[in-house]
Protein chains: 2
Amino acid sequence: MNIRSKGILFTLFLSVCLLAMSLNLSTKAVANEQTSPSSDVVWTAETSNPNVLGWMKGFPPPPDKIIRFDNGSYFEFPQMRWSVCHFQQLMPTQSVSRKLFGAVPLEKNELPELNQVTFMPWDATKPMTWEQAFSANFTDGIVVLHHGKMVYEKFSGCLTPANRHAAMSLTKSFVGLLGEMLIAENKLQEDRLIKDYIPELANSAFADASVRQVMDMTTGLDYSEDYADPNAEVWQHAAAGNPLPKPKDYTGPRTYFEFLQTVKKKGEHGRSFGYKTINTDVLGWLISRATGQPLTEVLSEKIWSKIGAEMDAFFTVDSIGTPFAGGGLNAGLHDLARFGQMLLNNGMVANQRVVPEAVIANIRQGGDLQAFAQAGYSSLKGWSYRSMWWITHNQHGAFMARGVHGQSLYIDPAADMVIARFASYPVAGNAANDPTTLPAYEAIADYLLKRD
Amino acid sequence: MNIRSKGILFTLFLSVCLLAMSLNLSTKAVANEQTSPSSDVVWTAETSNPNVLGWMKGFPPPPDKIIRFDNGSYFEFPQMRWSVCHFQQLMPTQSVSRKLFGAVPLEKNELPELNQVTFMPWDATKPMTWEQAFSANFTDGIVVLHHGKMVYEKFSGCLTPANRHAAMSLTKSFVGLLGEMLIAENKLQEDRLIKDYIPELANSAFADASVRQVMDMTTGLDYSEDYADPNAEVWQHAAAGNPLPKPKDYTGPRTYFEFLQTVKKKGEHGRSFGYKTINTDVLGWLISRATGQPLTEVLSEKIWSKIGAEMDAFFTVDSIGTPFAGGGLNAGLHDLARFGQMLLNNGMVANQRVVPEAVIANIRQGGDLQAFAQAGYSSLKGWSYRSMWWITHNQHGAFMARGVHGQSLYIDPAADMVIARFASYPVAGNAANDPTTLPAYEAIADYLLKRD
């Protein structure tokens, strides 16, 4: 394998890495205009719309409009705005079956006036409308449910009601919920150590972490997700999980499971919150060990076949078919909203119990506030992290699932409201879009509460 | 790229090739026992059941139970019996959306006595029951509809009502039907030449073939699908369509479209039937050129969203996302039966017209009998091939879609019967399973007719 081949394969690995979460790319993010990391073009939601740019149109598409998994460009901006809807065509995936139960229709009660609801973006000097926030956040689709009915929906870019979008780190919250359900069923015990369930991890950092510490991400791991650092462990994680054939001289771990065995400890478990995707990968492994089933099948049986989903979801997988628990879910937006509504209903769907009420209460109570504070999220003051969910601890008791490019599932019990959003915000990391996201969600909740 | 890397990549190409149709592997096929080409083990349906063999079970699976796309073994027997249900996890794919319309339920009217219906396999000395034929044919799932109701269904191996199976050459019949529909809409003209629609093919064998000749596979092509010959053009076709990255020194065609441009003419068009998958690839290209849409989207809009399908189907794709028109469809068995029922109903689904009646009549009338006879299918005497469908010309007016490992869609208008079957017969090529397939279908039709 010569240098040129190595170069190509390193590029392949890099490209997969962008699947993962919590990037900290330095980009010039200014309000609703974004500069691509690789050029000086200033992109708006409109100019970066993949339908406008014509990615993959034509038979064959023109060479400069082709997006491939294997040349590293598929997750650069603006190509990424096409790729978020096309992971199935970019790499191997595994279905999360809705089985063959009928979809539960989402009843509509449209409130177009929501478009005019205004809010003050953080650090801004003038207010923004909900409608303006749609483009400012590079939204691909958003749905608002209120009292269980769809009061607002809007789609753009690559997304329609009938296709699927990368959920990225929203995935973690699905996996966390499954973990809590297995604890409730006594198939996992939150105080037991990981090595008791997964002997293969006995020599890794996870060995003496408890299930709870993994679920709340308070493990002490020598693991960096800093994509700017070529020596960061996240690159080895991505190389291990890449489903493409490995270079002949590749000696590293070849699967997610193999990678997890190489992680070393740093500091103590249980002290502070550290958002690291590999905790979710361990939880995914725990779930499969406890149930004897692939994560996709557990999600299908316990959740997806019971929420009245319209479409199968799917996960990206590694070379031996292991679903990427930390970020591999792709789903329809309406189905994401259905999932949120089930949680808002304390686990019920049409008089059928799907999730024990105590499981949801446990998540909503939140995690260790002090452990969270130590992680230094300046804009998420007073929040906590519990079982892979973000808990706002605001007066409405809102809690969230969050994905790296602005994907959100925002559940506001006080306002009886669910907001489900898929987005392809150019900056990877929610600190960039939170200023026009979180106050917008709060404003809609307040509006709906006042309207009642 | 050294010799070793080349070897690996050649293996990759070989492995994809097995997706294609009409293999003529020489194996010791004896009644319902089959010898794997790569060993002396005698496999039965029971001993080769993928659930019994434990492929891909465990987290991770034991090394000798792992099936990969990239090491060439995924389509060897018996691994193939797992792979036929797992193409989505083996390679990139593209959905055929059912959109969001409700499924049309398949009403049941079970007739368990069908199990005891007997027939005489060709060249056999004693009769076989329908139930025995299930295993003899390595059936993964079979459904019989009679008067529009499901009178029989049985699943085995990797297949359930809620997952999808490789349709392989059944795909061609879907594509042929779409071609006929576009002719009926005047978006394609059957007498026009291929080069008029696809200038890129002006220097290929297809240039002066008519749309009709391509649809009926009476083109004269210098193209061999003989898998036993390492120089056969089918290997170049497979290499071109392989979605994995190409070797650095690879100089051949890189996509299905590029491959088609290299095909040379041999003999005259319009003289004799020659079953060559690449005709369907050309028809897929024609369909996209005529509609401006990917084949998957055309199939979704015209058929899949209108037959009450329960699941999205999907196609395998090449490196630029071109669906493999010649054999890439994967679908649920119930949905395949729904498709067959729509055709049996002359294009109607629940009082809605899906396909013009004349289109189906045109297919059912059959193709050139003499052209077919020249192809020398000794066991299909009197049949013909029309628009990628196999027409039996028997007294019932039965017509079929056929896939290489025993996949069948058998539509018998006289008996008002549809049989949909997915199978993973070890011998690639229907000559091997026809002796226990075609007389079984006829016997069930006769039984149902007599019962009416």
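## The largest cavity

In this predicted model, the largest cavity has a volume of about 380 Å³. It's one of seven cavities of 30 Å³ or more that the structure holds.

Who sits around that space? Lining the largest cavity are 35 residues, and the closest to its centre are Met91(A), Pro92(A), Leu244(A), Pro92(B) and Leu244(B). Sorted by class, the lining has 23 nonpolar, six polar and six charged residues. Helices take part too: α4 (87-90) of chain A and α4 (87-90) of chain B each supply at least two residues of this lining.

## Two copies and an axis

You've met Pro92(B) already, in the list of residues closest to the centre of the largest cavity.

Which surface do the copies use to touch each other? The same one serves both, since 100% of the contact residues of chain B recur in chain A.

## A four-stranded sheet in chain B

Chain B has an open sheet of four strands, in the order β4-β10-β11-β9, with antiparallel pairing. In general, strands of a sheet pair through backbone hydrogen bonds. The edge strands of this one are β4 (93-96) and β9 (165-166) of chain B, each pairing on one side only.

Now look at β10 (residues 313-316) and β11 (residues 329-331) of chain B: two bridges join these antiparallel strands.

## The annotated span of chain A

UniProt, in an unreviewed entry, lists residues 142-427 of chain A as "domain: Beta-lactamase-related". This span of chain A is 31% helix and 16% strand, and its end C-alpha atoms lie 19 Å apart.

Most residues other than glycine have a negative phi, and most peptide bonds are trans. Here are some exceptions to look up.

A cis peptide bond, with omega about 0°, joins Phe59(A) and Pro60(A). Pro60(A) is in the loop between α2 (50-53) and α3 (80-83) of chain A. Over in chain B, the bond from Phe77(B) to Pro78(B) is cis, with omega near 10°, and Pro78(B) is found in the loop between α2 (50-53) and α3 (80-83) of chain B.

Then there's Ala350(A), which isn't a glycine but has a positive phi of about 50°. Ala350(A) lies in the loop between β12 (348-349) and β13 (352-353) of chain A.

Definitions and conventions:
Residues numbered from 1 in each chain as written. Chains lettered and ligands numbered in written order. Predicted model: local features only at pLDDT ≥ 70, side-chain atom pairs only at ≥ 80, totals over all residues. Heavy atoms only, no water. Contact = heavy atoms within 4.5 Å. Pairing = 2+ DSSP bridges. UniProt positions renumbered as here; feature names shortened; annotations may be inferred. 1 Å grid on protein atoms, 1.4 Å probe; cavity = no way out; pocket = protein on both sides within 12 Å on 5 of 7 lines; lining within 4 Å. Points joined across faces, edges and corners; volume = space filled by probe spheres on them. Nonpolar A, V, L, I, M, F, W, Y, C, P; charged D, E, K, R; others polar.
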